[in-house]
Amino acid sequence: MVLTQDRIVADLKSLGVRSGDVLMLHSSLRSLGYVVGAAATVVDALLEILGSAGTLVGPSFNYETAQAPDFVFDPLNTPSDMGAIADEIRRRAGNARSRHLTHSVSAIGRHAETIVTAGGKSAWSMDGPLGAVFKLDGRFLLLGVTYQSFTAFHLLEVAFRLRFRKIDTLRRRLRRPDGSLIPFDSTVYLRDVGYPGYDFNRAGQAMEDAGVTSVAPVGNAVARLIPARPMREFASPRVQRDPDYLLQRGSCVTPLSHGVTLPLRTGVLSVVDPRGVFQARRP
Ligand SMILES: CC(C)(COP(=O)(O)OP(=O)(O)OC[C@H]1O[C@@H](n2cnc3c(N)ncnc32)[C@H](O)[C@@H]1OP(=O)(O)O)[C@@H](O)C(=O)NCCC(=O)NCCS
């Protein structure tokens, strides 16, 4: 499958992405099939649809590199570890990146400033940048990835003080625009002893069954569009009733009814056809 910008635009519009949306993306480039122009074309396609009234938000998370004791968070240069498309958003957004050692986001467009400067008690609290996506009535796009990549569910873990999460402070340094380094702290949530892992697919599948999530292919990727507020209205009472609602039971996470879930060395993809994944690594 060879994908051009026009085809990606057409598929995203069929899924329901609209001009003026506030859209946060979690993605896998290779799930789409071969994209002419790679990640830049996907970002161009998204920006073409969103237009000047819209806002594109990417996860610029770098939680593994931040573990090194001498790590310096450089908002202009620290790469996003959340894939090629997320890193393309990060590069284009430049300084429009929230300040967090492990869970910053980058944003382009009308509400970019509001989102990246939201601050908040932590990256996962409703008064932070992801919370701003909720307040702005935004939507989340899972492009070729499963609900296991759906960070917004972590906000519910924090909002409802779920078990197995403990708060800590990570202390590192921040590079300022003039190059100087200053001490910089961020609140982080660690997994506590006995944490069984999360099964966000269970809640995600339930949202799909209830019609909260829209599902459609974008090229070879299975894409899921999730409106932030309805997602919260759907999941919050369930988490309140069952504090283990988001946790894994048994050895596997819930299989999804749309698409093929493909565990690769680099991550878990959600695709129409495993043979269409670009340069899929053979086991
Ligand atoms: C980890 C993850 C990014 C891996 O997905 P991926 O498609 O393998 O990787 P990327 O999106 O970075 O895309 C790079 C890959 O695209 C492929 N690629 C290169 N050019 C391409 C093109 N023109 N067209 C299509 N694919 C191409 C390559 O296989 C490349 O991998 P390689 O450099 O190792 O060969 C993905 O599984 C994931 O988890 N994404 C969500 C991350 C997230 O937001 N998480 C939230 C917090 S938990």
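Predicted model: local features only at pLDDT ≥ 70, side-chain atom pairs only at ≥ 80, totals over all residues.

**Exercise 1. Decide whether V272 is buried or exposed, and find what it touches.**

Step 1. Start by locating the residue: V272 lies in the segment that follows β13 (267-271).

Step 2. Next, count neighbours. V272 has 20 C-beta neighbours inside 10 Å, and a residue is buried if 20 or more other C-beta atoms lie within 10 Å of its own. V272 therefore counts as buried.

Step 3. Now look for contacts, leaving out residues up to four places away in sequence: V272 touches P217, N220, V222 and G259.

Step 4. V272 and G204 are 68 residues apart along the chain, and their C-alpha atoms are separated by 18 Å.

**Exercise 2. Work out how strand β4 is enclosed and which strands it pairs with.**

Step 1. Check burial along the strand. β4 covers residues 55-59, and five of the five are buried, so the strand is largely enclosed by the rest of the structure.

Step 2. Separate the two faces. T55, V57 and P59 are on one side, L56 and G58 are on the other, and all are buried.

Step 3. Turn to the partners. Strand β2 (residues 22-27) runs parallel to β4, and three bridges join them. Here M24 stands opposite V57. With strand β6 (residues 105-109), β4 pairs in the antiparallel sense over five bridges, and I108 in β6 is the bridge partner of L56.

Step 4. Recall a general point: strands of a sheet pair through backbone hydrogen bonds, either parallel or antiparallel.

**Exercise 3. Find which residues touch the most other members of the largest nonpolar core.**

Step 1. The largest nonpolar core has 67 residues, and those touching the most other members are L23, L25, L56, V57, A107 and L141.

Step 2. Follow one of them, A107. Not counting residues up to four places away in sequence, A107 touches T55, L56, V57, A93, A96, A112, I115 and V116.

Step 3. Here is the wider background: in soluble globular proteins, nonpolar side chains tend to be buried together.

**Exercise 4. Describe helices α6 and α8 and what covers their buried residues.**

Step 1. Begin with α6 (residues 152-159), a mostly covered helix in which seven of eight residues are buried. They are A152, F153, H154, L155, L156, E157 and V158.

Step 2. Among the elements covering them are α5 (129-135), β7 (139-143), β8 (165-175), β9 (181-191), α7 (200-209) and α8 (228-241). Just after α6, R161 takes a positive phi of about 45°.

Step 3. Move on to α8. Its buried residues are A228, M231 and A235, and their cover includes α5, β7, α6, α7 and β11 (221-227).

Step 4. Check the length and line of α8. The helix has 14 residues and reaches 20 Å from its first C-alpha to its last, close to the 20 Å expected at 1.5 Å a residue. At A235, α8 bends by about 25°, with the proline P237 following within four residues.

How values were computed. Residues numbered from 1 in each chain as written. Buried ≥ 20, exposed ≤ 12 C-beta atoms within 10 Å, placed from the backbone. Helix = DSSP H or I, 4+ residues; strand = E, 2+ residues; numbered from the N terminus. Contact = placed C-beta atoms within 7 Å. Expected span 1.5 Å × (residues − 1). Bend = angle between axes of the 7 residues up to and from the residue. Pairing = 2+ DSSP bridges. Core = buried A, V, L, I, M, F, W, Y, C linked by C-beta atoms within 7 Å.
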